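Here is a short note for someone opening this entry for the first time. Please keep the structure in view while reading the points.

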Amino acid sequence: MATVDETKSRLLRGVVQDNIEVLQGAKLQRRRRRKFLVKPWWTAGLLLVGSAYLLRPASLVVTARTPVAIANQATETVNIEQTPESAAPLASPRAIDRGTIPLAIKRIVIDPGHGGEPGATSASGVAEKEITLDVALRLRRLLADAPYEILLTRQTDSRISLDKRVAFANENKADLFVSIHVNWLEPRTIRALETYYVGPSDDPATLRLASMENKDSGYSLSDYKKIVEKIYIDARHDESRTLAKSIQTNLYRALKPVNPALENRGVKSAPFVVLIGTQMPAILVEVCCPSNDDEAKLLTKEDYRESIALALVEGIRGYARSLNGSERKGS
């Protein structure tokens, strides 16, 4: 039989064991509760950090890059900053270098001034409409074997309005337009040659002449802006001037020996309607002055009119050669 001491000892061990089991059970429950509570907070924290990473500006994202990538980016930045420009923006249109795009003359429109009305007429009855048509027909004949197609705005004594002359040249896609006229100058002792290309003018004599030639322009006030643009910034300006110089030079050179008093008044810009409306290099040439009696007598001679036509041919050919160094049809 157990003694009192043994009984006490057994009871004490049982109490201690029960307390240990109670404590262990409490700890296990706390661990389970803590484990259950920690998981949502940890997941929420990860989500918050990930969202912040994805939503913040790209410039603030720090990524690991290799030294090669960093070097490449630096090179690209330097190249962008140092990209050269071939030229500054143009303040106004300018002609393209002829050598850039090979050009050739395929078709030329010859415009005998006036028709159906006398125009300038000498005291002896030499009429402008007759002289201009005669010279134009001679010019076409002389260019028959040239590598160009030659068209005339009129072939008879018919009245053709200025706008129809312009339309004829544009519709036929002419490469050159040559309008032939004779001049009437005061004092009547003057014998002068002059050739015009499109452009403005402040010369009173030139403006008076343009006003007379433009009397049947066909334009209305609504066309004013278009007219001004063509006079001042049209890209044909330089080519027309070059053609005018070639024609004027050859005319003076050919006619001066047989007409010693002839004056070379050179090339000038003027707002002639037939020059404004055409879409190709265009000139208006005053080949003589029937206002001068002696020159009117020269105009009655076929040889002199032939000399005028030959000089115009040489002027056209000289301009054509300046384009590409040769005359080539359809090149």
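How many bridges join strand 1 to strand 3, and in which sense do the two run?

1. The model is predicted. Start with strand 1, residues 107-112. Five bridges join strand 1 to strand 3, and the two run parallel. For one point of contact, take aspartate 111: its bridge partner in strand 3 is serine 179.

2. Now look at the pairing with strand 6, residues 282-286. Strand 3 pairs with strand 6 over five bridges, in the parallel sense. Here histidine 181 has glutamate 286 of strand 6 as its bridge partner.

3. Is strand 3 enclosed or open? Strand 3 covers residues 176-181, and six of the six are buried, so the strand is largely enclosed by the rest of the structure. Check the side-chain directions too. Leu176, Val178 and Ile180 point one way. Phe177, Ser179 and His181 point the other way. Both sets are buried.

4. Next, the aromatic rings. One aromatic pair turns up in a search of the whole structure. Its members are tyrosine 196 and phenylalanine 272, with ring centres 5.1 Å apart. The planes meet at 75°, over the 60-degree cut-off, so the pair is edge-to-face.

Conventions:
Residues numbered from 1 in each chain as written. Predicted model: local features only at pLDDT ≥ 70, side-chain atom pairs only at ≥ 80, totals over all residues. Heavy atoms only, no water. Buried < 20%, exposed > 50% of the residue type's maximum accessible area, 1.4 Å probe, protein only. Helix = DSSP H or I, 4+ residues; strand = E, 2+ residues; numbered from the N terminus. Pairing = 2+ DSSP bridges. Phe/Tyr/Trp six-rings, centres within 6.5 Å; stacked < 30°, edge-to-face > 60°.
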